[in-house]
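Please work through the exercises below with the sequence and the model at hand. Each task is followed by a solution in steps.

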Amino acid sequence: MAKRKQPNEEKPLLPTIHTVEDLRALPDADMPRLAEEIRAYLISQVNLTGGHLASNLGVVELTLALHRVFNTPRDRLIWDVGHQSYVHKLVTGRAEQFDLLRKPGGLSGFPRREESPFDPFGVGHSSTSISAALGFAAADALAGEQDRYNVVVIGDGALTGGLAHEALNNCRRDYPMIIILNENDMSISRVTGSFPRLISRLRIARGYRRMKRGTGKFLLKIPLVGKPLFRLVRGVRNRVRRLFYRSNYFEEMGFTYLGPYDGNNYSQMKNALEEARDKKRCVVVHIRTKKGKGYPCAEQNPAEYHSVYAGEKKTRTFHEIFGETLLHMAEESPAVCAVTPATGVSTGLAPFGAAYPERLFDVGIAEGHALTFSAGLAAGGMRPYAVIYSSFLQRGYDEIVHDIALQHLPVHIIIDRASLAPGDGATHHGIYDVSFLGEMTGVEILSPMTEGSLIAMLVAKKDARHPVAIRFPNDTEDEALRDTFYPDGDFSAFGMRPSGDFSGARAVLVSYGAAAPRALEARRILGDEGIPTEMLLLEDLTDFTAPAQYLAERLAPGVPVVFLEEGIYVGGAGMRLDAALRAAGYTGRYETLAIADGFATPTTPCDLYAYLGISSSDAVAAVKRLLAL
C-alpha cells in the first residue's frame, strides 16, 4: 500500500529544479526551505567527492537571489575564484552531473566557459572578477547593449589582491555593473591586512548610512526649497562624516554603495539586489555571510573545511615536514621568517606562526607583492621563505625575474602543490614552475622526494646567497622511492640518485617530483617482464651537466633513456637533459614523456595521467618502443 501523505509533509524542492526557469517559478516563500535542502545536499555530496565546502555553504541564499533577480545567462554572473559556484551549478542545469564533480572530464569545481552558458568567464585564481566584468561591460557598451548587467561576487579575501583594485580604479561609474562584496573574514586562511579592517568599519557605520538615505528622501519631498536644502545639508553632512567616520573607500571612488546586508537572509538579498539593479549604474553591494553556514563543524573551523578531502586525509605531507623544519631553523636563527599569500594553514606554516607571529607575514592574496616583499626582507638581512602554491607562483613571474633573480637575492621560494591537480583542474595544475624557473640565471631548483632529503636541502641551503626554489607535491613521501634510492638512510647527498650500477641495464628511466613513483613502478613492470631497467632520480634540477655525464659514461651503446616528468614539455627538465646528453656525447635513443597539453582539460571522464601520456604504462610502452620490442 502506498504511503499516505501527511498534511504537514512537504515534497522536496531541489529535485524539481532542472533549469534556472524552474527556480524562478517557485514563490519567494519557498526559498528558505530550498536553501536548507541545498545545504544538506552539499554536505553529503562534497564529503563524498571532495571539494570546497565551507565557501559554498555560505552563499546559498545569495545564489538563489542572484538567479531570481537577474536574467542569467544574458545578465552575466562572474564569481571571483569560483570555488563557491557549486550552488550556482546546481540551479543552472548541472545537478545530474554532481557525481562527477572534480573528476577529470567531469563537472569542474570552478566556472568553465566550455561547461555552460551560465559560466561566462573561466576562473580558479583570485581577484580577477572585476577586471573581467569591466571588460564585458565595455564590450556591451560598444555593442549598444547597455541593458545587460554584469554581476561580480568577490570576497573580502580576494580584495587583498592588487588586481581587484586596479580594476576598481579603471571602472566606469555609468556601466550597469554590480559588485557584490562578500565579507566572511576568510580566503583559504583568515583574512589579514588593512583593507579587511576598512570593510569592517563600513559595517560598523551602517547606522549613519541609514540616516543619510532617510534624510535625503525627506528633504527632497519639501516643495520649492527641498532640492537647495538637500544640497546644503549634503555638504554639511559630508563634513560631519569626514569628522566622525572614516571615509567609505567605494563612495570616495564614485561608486554607489549599499549595505551591509545579511547575506544569509534571502529576503534581504533579494531586496538589495533589486535596488542595485534598478540604479542602472556601477553599484557596490556589501553583504556579510557565514562561511560554513548550516554545518556546525565548518562554521567553527572554516579554514579546515575550506577544501574537503575525498576519503582519508593524508598526513605527514611535504609541506608539514617543511613547516616543522622551518620552525626548528627559526629557533636557531632570528633572521628566519616566512611570507605567505593567504595560504599559511594549507602550507604547513601554522606552527611557525603560533611560535613566531612577528616573523610570519601573511600579505593577503598578493603573490607578486609576497615575492618582492621577500626580496626586500632578503636585502635587509633577513632569511625569507616565500611559501606559494606552484600554480599561484605564475602570478609572480616578473617579480622573480626583476626583483629576486636579477639582484641575486637569497630568497627561498618554497613551491607547494608542484604537480597536477586532478580535482581542481587546469587552473591549479602546478606544472610550469620547472620550465620558467629553469630559464632564470642563478636560480637553484631542488625537488626532494623524501622527508629526509627535504630536511637535508633546507639545512644545506639555509645560508645560500642566491635564490633557491624547493618544490614538492601535496603528498607524502613514497616509501618505495625512499627504500630504493636512500637505502642507507643518508639524505645529505641529494642531487641525483641511481637505482643501481647500470651495468646490466637494457634501458634507463629518469624522473623527478610527482612522476617519480610512476617511473619506479614502470621499472618494476619492465623487470618482471624480463627487461632489466635502471632509474636515475633527480632532486637537483638546476644544471643537467652532471647527470648527463653520469649517464653518458655508464650506458652501453644502444641503451635508450626515457625521461618521465609531471611538468610541461617545452623548457622542461626532460628537454634540458636531452640537450645536455647530446653535449656529453650520448648518441642513443632518447624520449621525454611530459605534458604537451599544458591546460589538461579532458572532456570525458578519464585517468588524467593516461590522458596526458605520463602514466607508468606509457613509460613501459616508451621503453619497449625504443628497444623495438
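The model is predicted: local features need pLDDT of at least 70, side-chain atom pairs count only at pLDDT 80 or more, and totals for chains, interfaces and linings use all residues. Residues are numbered from 1 along each chain as its sequence is written, and side-chain values use heavy atoms, with hydrogens and water left out.

**Exercise 1.** Determine how many helices and strands the chain has, and what share of its residues is buried.

Solution. Step one is to assign helices (DSSP runs of H or I, at least four residues) and strands (runs of E, at least two), numbered from the N terminus. The chain has 26 helices and 16 strands. Step two applies the accessibility classes: buried is under 20% relative accessible area, exposed over 50%, and partly exposed in between, with a 1.4 Å probe and protein chains only. Of the 629 residues in the chain, 57% are buried.

**Exercise 2.** Decide whether Glu114 is buried or exposed, and locate it in the chain.

Solution. Glu114 belongs to the loop between helix H5 (86-94) and helix H6 (129-142). Its relative accessibility is 66%, so Glu114 counts as exposed.

**Exercise 3.** Classify the ring pair of Phe352 and Tyr356.

Solution. Rings of Phe, Tyr and Trp (its six-membered ring) pair if their centres lie within 6.5 Å; planes under 30 degrees apart count as stacked, over 60 as edge-to-face and the rest as tilted. The count by this rule is 15 aromatic pairs. For Phe352 and Tyr356 the centres are 5.9 Å apart and the planes stand at 50°, so the pair is tilted. Both Phe352 and Tyr356 are buried.
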